[in-house]
Amino acid sequence: MNDERKIDEFGREIRKCAYCGDEFVATHKLRQFCPEKFGRTDYCKYKQKALIAESHLVQEPLNMIKGGLIPYTKQESPLDKNIRILDKIMNGSSSKLILPNELSFYGYDIYEFNERHKISDNEQYLIKVGDYRMKLQAENKLLITKG
Ligand SMILES: [Zn+2]
């Protein structure tokens with residue numbers, strides 16, 4: 001158990017600061033942080049508060065990334081966007097059969113590719129986008145392969 005209480009020679013409780021981990025003498029029951037550090041009163045308390053505020057600022061963009069969105073407005077070329085969408089759809093697989101509307105769902109731009117080769121007379125194309133190859137299969141399914 002980590003619950004063992006340390007007491008100083010005056011009977012005051014010695015606690016570990018919730019921010020920096022240093023030990024301090026608890027001058028009242030609710031104190032969780034060093035009363036003073038680097039000559040500044042409640043330094044650790046304010047640092048911890050700032051940390052929590054910061055983590056909230058970070059959390060929202062992280063949720064967006066998990067949802068497949070890029071939160072910042074960095075310029076991304078339409079081709080890079082297509083590759084990112086394919087990365088997301090493929091999720092590490094080397095081959096996957098999807099419905100084309102899955103691409104449009106993510107905002108894929110079918111006019112952005114590296115190469116396009118006609119592979120049959122009935123308007124069938126092999127499309128290269130980054131490391132991916134795409135080919136329309138029977139039943140309007142799109143075969144995506146990597147490498
Ligand atoms: Zn501290």
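**Figure 1. Contacts of Arg12 in the predicted model.** In this predicted model, Arg12 touches Ile7, Val25 and Ala26, leaving aside residues up to four places away in sequence. Arg12 sits in the loop that links strand S1 (6-7) to strand S2 (13-16). Is Arg12 buried, exposed or partly exposed? Arg12 counts as partly exposed because 14 C-beta neighbours lie inside 10 Å; a buried residue needs 20 or more, and an exposed one has 12 or fewer. Lys29 is 17 residues from Arg12 in sequence, and their C-alpha atoms are 9.9 Å apart in space.

**Figure 2. The sheet of three strands.** The strands of this open sheet are arranged in the order S1-S2-S3, and their pairing is antiparallel. S1 and strand S3 (23-25) are the edges; each has a single partner strand, so one side of each is left without a neighbour in the sheet. Three bridges connect S2 with S3, which pair in the antiparallel sense. Strands of a sheet pair through backbone hydrogen bonds, and the pairing can be parallel or antiparallel.

**Figure 3. Asp42, a residue with positive phi.** Asp42 belongs to the loop between strand S5 (40-41) and helix H1 (43-66). Its phi is near 55 degrees, a positive value in a residue other than glycine. Asp42 is partly exposed because 15 other C-beta atoms lie within 10 Å.

**Figure 4. Asn91, in the loop between H2 and S6.** Asn91 is found between these two elements. With 8 other C-beta atoms within 10 Å, Asn91 is exposed, because the limit for an exposed residue is 12 or fewer.

**Figure 5. The largest nonpolar core.** Which residues make up the largest nonpolar core? There are seven: Ile85, Leu86, Ile127, Val129, Tyr132, Met134 and Ile144. Helix H2 (78-90), strand S8 (124-129) and strand S9 (132-136) are the elements that give two or more residues to this core. Apart from this core lies another, of five residues, including Cys17, Phe33, Cys34 and Cys44.

**Figure 6. Surroundings of Val129.** Val129 is one of the residues of the largest nonpolar core. Not counting residues up to four places away in sequence, Val129 touches Asn82, Ile83, Leu86, Phe113, Asn114 and Met134. Across the strand pairing, Val129 stands opposite Tyr132 in S9.

**Figure 7. The sheet of five strands.** This open sheet has the order S6-S10-S9-S8-S7, with antiparallel pairing. Strand S6 (95-98) and strand S7 (115-120) are the edge strands, each pairing on one side only. From one strand to the next, the twist averages 20 degrees. In a regular strand the side chains alternate between the two faces of the sheet.

**Figure 8. The hairpin of S8 and S9.** S8 and S9 run antiparallel and are joined by four bridges. Within this pair, Lys128 has Arg133 in S9 as its bridge partner. How many residues lie between the two strands of the hairpin? There are two residues between them, and Gly130 in the turn has a positive phi of about 60 degrees.

**Figure 9. The hairpin of S9 and S10.** S9 also pairs in the antiparallel sense with strand S10 (residues 142-146), over five bridges. Leu136 stands opposite Leu142 in S10. The hairpin has five residues between its strands, and Glu139 in the turn has a positive phi of about 60 degrees.

**Figure 10. The two domains of the chain.** The protein chain is divided into domain 1 (6-66) and domain 2 (78-146). How far apart are the C-alpha centres of domain 1 and domain 2? The distance is 51 Å. The C-alpha trace of the chain spans about 90 × 35 × 20 Å along its principal axes. The radius of gyration of the chain is 28 Å, while a compact globule of 147 residues would have a value near 15 Å. Buried residues make up 9% of the 147 residues. The chain holds three helices and 10 strands.

Terms used:
Residues are numbered from 1 along each chain as its sequence is written. This is a predicted model: local features need pLDDT of at least 70, side-chain atom pairs count only at pLDDT 80 or more; totals for chains, interfaces and linings use all residues. A nonpolar core is a set of buried Ala, Val, Leu, Ile, Met, Phe, Trp, Tyr and Cys residues joined through C-beta atoms within 7 Å. Two residues are in contact if their C-beta atoms, placed from the backbone, lie within 7 Å. Two strands pair if DSSP finds at least two bridges between them. Axes are lines fitted to C-alpha atoms, for helices over the stretch in contact, and angles run from 0 to 180 degrees between N-to-C directions. Domain bounds come from an automatic or database domain assignment. The radius of gyration is taken over C-alpha atoms; the globule rule is 2.2 Å times the number of residues to the power 0.38.
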